[in-house]
Amino acid sequence: MDTTSNTQHQWQLTLKKIITKFIQDLEYQPIDPIPDSNATYQAVKLEFSTRYDNGQEWYHQTYRTAVTMAEWKHSFLTLTTPPKFEWKSLDSPGKSRFLLGQFAGITQRTSKIISFLLHVDDLGKEFSSLENLQLNILLGDSTEGAFNEAFRKHLIGFYQFYDPIPANAITLSAMDCINGMLLEQRDAIRDIKLSDSARSWPNYLRNKTGCSEAYAFMLFPKAIKLDLKFYKEYLGGERDTYVFLRARIADKPLNETLRDVVSESLAAHARVSKALQHTCAISTWKQFVNGYLGFHFTLARYRLSELGF
């Protein structure tokens, strides 16, 4: 085994050990992959395949990624997914069907927004008009192409399912995510010489591209941070992402930095769990965490199966 292969093998062992402890501490329960027959998957595929899809496998993996993320972020909204949610207002079959229809709409809307963001994340440089997206939205200008116009309409659609302030947060977070992705892709940003005085830079950039505020508000529609991307980024040669930036700025080894991130994520999880422990939101929070872990483990995009998960 040559030096490069040996180094990668050692990293795989280290990462597997770190991730295994992390998911054990969070009591993760494995989930099944999204099947091709999934209604949300079919709806997302139908919209994108007729407008942007050129037949590449990347598009189909994008649909699956987006739908898996949305389905498991909103799995607590269904009546069949454990843990069971006590819907005291479901006093008639008609109302039950109405709520399920609303939740299906939320999941499809979320899946489509995630699909747009994945397009920007992976293919951002191919969309030259994205830097003017917010300006065009403010101006009501729909001449910048079908992609931008569809993205705008899907953002507006969140106001159907969420109260104004949560919907505001979701739309602003989604647009800020695009800004963060565009920043990441600029050569001027990639070429910045980092020093220990830039300790807040990784968190600043990750807060933008993580879209965490949108996902948090999505947990509570009207009707009712371990970065697991690291392994994918490591194998893909990406060196300007959260864990790498933190390691370089703090002048720490990658494995030590990753363990720091794990410790911080577990501490944050414990704080949220403690704050919600005596509220009805605790089951929502637990299901969200399990789903967040689950979509990373069930999707080929994150390559965690290569570690034996």
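**Salt bridges**

In this predicted model, the count of salt bridges comes to seven. One of them pairs D25 with K21, with the closest N and O atoms 2.7 Å apart. The two residues are four apart in helix 1, so about one helical turn separates them. D25 is partly exposed, at a relative accessible area of 38%.

D36 forms a salt bridge with R64, and here the closest N and O atoms are 2.2 Å apart. D36 lies in the loop between helix 1 and helix 2, while R64 lies in helix 3 (residues 57-73), so the pair ties together parts that are 28 residues apart in sequence. D36 counts as partly exposed, with 46% relative accessibility.

**From helix 7 to helix 9**

D176 and K208 also meet through their side chains in a salt bridge (2.7 Å, N to O). This pair links distant parts of the chain, with D176 in helix 7 (residues 164-185) and K208 in helix 9, 32 residues apart. D176 is partly exposed at 27%, whereas K208 counts as buried at 13% relative accessibility.

**Loop residues**

Most residues other than glycine have a negative phi. E27, although not a glycine, has a positive phi of about 55°. E27 is placed in the loop between helix 1 (3-25) and helix 2 (39-49), and counts as exposed at 64% relative accessibility. L26 lies in the loop between helix 1 and helix 2 but is buried, at 13%. Beyond its neighbours within four places in sequence, L26 is in contact with L266, H269, V289 and L293.

C211 is not a glycine either, and has a positive phi of about 55°. C211 sits in the loop between helix 9 (201-209) and helix 10 (212-218), and is buried, with a relative accessible area of 4%.

How values were computed: Residues numbered from 1 in each chain as written. Predicted model: local features only at pLDDT ≥ 70, side-chain atom pairs only at ≥ 80, totals over all residues. Heavy atoms only, no water. Buried < 20%, exposed > 50% of the residue type's maximum accessible area, 1.4 Å probe, protein only. Contact = heavy atoms within 4.5 Å. Salt bridge = Lys/Arg side-chain N within 4 Å of Asp/Glu carboxyl O.
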